[in-house]
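Subject: Structure handover

Dear colleague,

I am passing on the structure that you will find just below, together with my notes on it. Please read the notes with the coordinates open beside them.

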Amino acid sequence: MRWLRNATVYALLTLIAASTIIPLVWMVGTSLHPSMAQTPTLSGILRPDKSRFVEWTGDAKGLSPELTVAPDHSQRIEATFVTIESESTKDQPPEPTREQTQVYRDAETGAEITILTHGAGTVRATPIADEAGRRLRLRAVPDSKYYFENY
Amino acid sequence: MTDRSKHNWRGYALIAPAAIYLAVFALAPIVFAGWMSLHRWHLLKPERPFVGLANFITLAQDPFFRNAVWNTLVFVAVGVPLSVVSSLLVAALVSQPLRGVGLFRTVFYVPAVCSQVAISMVWTWILMPTNGLANSILAGWNALLDGVHVQGLHFATDTNFLERPGFAMASLVAMFMWIGLGPRMIIFVAGIQNIPETLYEAAVLDGCTTWRKFRHVTLPLLLPTTLFVLVTTTIAAFQIFTPVFMLTRGGPQRSTDVVLYHIYAEAWQKLEAGMASAMSFVLLAMILVVSAAQFRMLRHGDGEEAAE
């Protein structure tokens with residue numbers, strides 16, 4: 001009967017420990033969510049909404065969030081972002097996919113680089129010039145309202 | 001100067017820093033608060049007339065203050081026994097010679113080292129009517145009952161715990177128990193570990209069961225520890241403030257408006273420092289009376305136990 005007594009003690013201790021630790025787990029879980037997000041549900045507590053860069057398409061290909069292009073001819077480059085939904089928002093109607101277009105025109109060559117963005121993110125274009133020549137550095141940045149820049 | 005007076009002089013010199021500290025930071029504020037309580041002392045008005053005991057008479061006639069006193073007494077009457085008994089039971093469990101109980105002791109102590117403000121925020125989210133953890137757990141319970149086709153034991157899953165008077169007070173009691181479980185448990189564990197093992201061995205030889213060992217060996221020998229825990233828990237319960245401030249602000253319908261929160265509101269919202277000081281003295285008197293009664297009751301019980 002000793003094993004039964006020990007098992008009962010362990011079961012009680014585990015139950016009390018769970019009720020002690022669950023609010024703290026909840027605290028950690030809520031800290032992962034964006035400040036203006038809905039109150040997370042029990043099932044979505046550890047899976048907050050987040051935005052993620054997916055890929056470059058068009059005249060450039062790649063999965064890295066950084067891309068460097070030479071502004072020697074006109075190009076059309078597309079960046080795609082996706083929003084990963086948590087349990088708290090998955091039943092809500094999805095937000096319409098946001099589309100943005102920005103055009104960079106090179107002063108020397110006159111080449112136009114058209115950058116299209118799909119989804120919750122932006123592309124930051126920075127011209128650079130060094131011994132390797134003039135280039136345009138593109139950086140895909142998920143929306144700042146999401147805490148995770150999950151590249 | 002004789003040797004004895006030299007010795008006394010050195011002793012006074014050694015206790016002087018602590019005595020000065022106590023006089024300046026403990027005694028002087030109490031005396032000053034006593035002085036303020038005898039005046040009509042509004043923080044923004046230059047005239048502060050002496051009113052004698054008028055503030056105390058006003059308090060006695062103030063239904064809101066009487067409500068705050070009642071709420072505090074209810075909180076103490078419910079929260080203190082539950083806290084002390086639950087801590088004692090948990091201490092008895094973690095004092096078992098089992099592997100891994102140290103881990104459980106650590107887990108139980110964790111809430112005590114967290115900021116009460118942060119903890120209160122978390123409890124606000126836990127108790128929210130939509131998506132709150134408490135309602136989610138109740139929904140899980142309902143789903144479990146549905147799974148085994150049991151009817152009649154279901155709970156509502158959209159309860160706004162902080163907007164319903166009874167639930168709001170119960171939530172504060174639950175939080176009070178949860179935060180203080182670890183520290184009280186540790187004190188009880190220390191007390192249990194001080195009980196000589198030979199007494200338990202003698203009890204076993206006399207044929208005592210586990211319950212009888214707990215009742216006739218552990219509990220009587222834990223009486224000084226229990227008295228300490230009881231008094232400190234009672235004082236902490238009388239001084240409950242942060243969870244009230246963060247969770248309910250005294251609501252709903254003043255059902256959680258305890259004396260300390262009432263003092264805060266009087267001093268820093270109405271700016272009536274004289275009245276707030278008078279309230280502080282009433283709270284001090286309540287704590288002294290209840291603590292003295294606990295001392296008396298438990299010492300009396302101790303005497304009876306010894307007589308047996």
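The notes below begin with conventions and then go through the findings.

This is a predicted model, in which local features need pLDDT of at least 70 and side-chain atom pairs count only at pLDDT 80 or more, while totals for chains, interfaces and linings use all residues. Residues are numbered from 1 along each chain as its sequence is written, chains are lettered from A and ligands numbered from 1 in the order in which they are written, and side-chain values use heavy atoms, with hydrogens and water left out.

Chain A has one helix and seven strands, where helices (H or I, at least four residues) and strands (E, at least two) are DSSP runs numbered from the N terminus. Along the sequence their order is α-β-β-β-β-β-β-β. Of the 151 residues of chain A, 36% are buried, a term that means under 20% relative accessible area, with exposed being over 50% and partly exposed in between (1.4 Å probe, protein chains only). Taking contacts (heavy atoms within 4.5 Å) in chain A between residues at least 6 apart in sequence, 53% join residues at least 24 apart.

Strand β2 of chain A, residues 66-69, presents A:Leu67 and A:Val69 on its covered face, and A:Glu66 and A:Thr68 on its uncovered one. This strand runs antiparallel to β7 of chain A (residues 133-142), to which four bridges join it; two strands count as paired if DSSP finds at least two bridges between them. Within this pairing, A:Glu66 stands opposite A:Arg139.

Turning to the interface, 26 residues from chain B and 23 residues from chain A take part in the contact. The two chains bury about 2200 Å² between them, with 78% of it on carbon and sulfur atoms, the buried area being the accessible area (1.4 Å probe) that two parts lose on being put together, summed over both. On the chain B side, the elements that give two or more residues are α3 (63-94), α4 (101-113), α5 (116-126), α6 (133-147) and α7 (165-193). The residues of that side divide into 21 nonpolar, four polar and one charged, with Ala, Val, Leu, Ile, Met, Phe, Trp, Tyr, Cys and Pro taken as nonpolar, Asp, Glu, Lys and Arg as charged, and the others, Gly among them, as polar.

Finally, B:Ser87 lies in helix α3 of chain B and counts as buried because its relative accessibility is 1%. Apart from neighbours within four places in sequence, B:Ser87 is in contact with B:Leu181, B:Arg184, B:Met185 and B:Phe188.

Best regards
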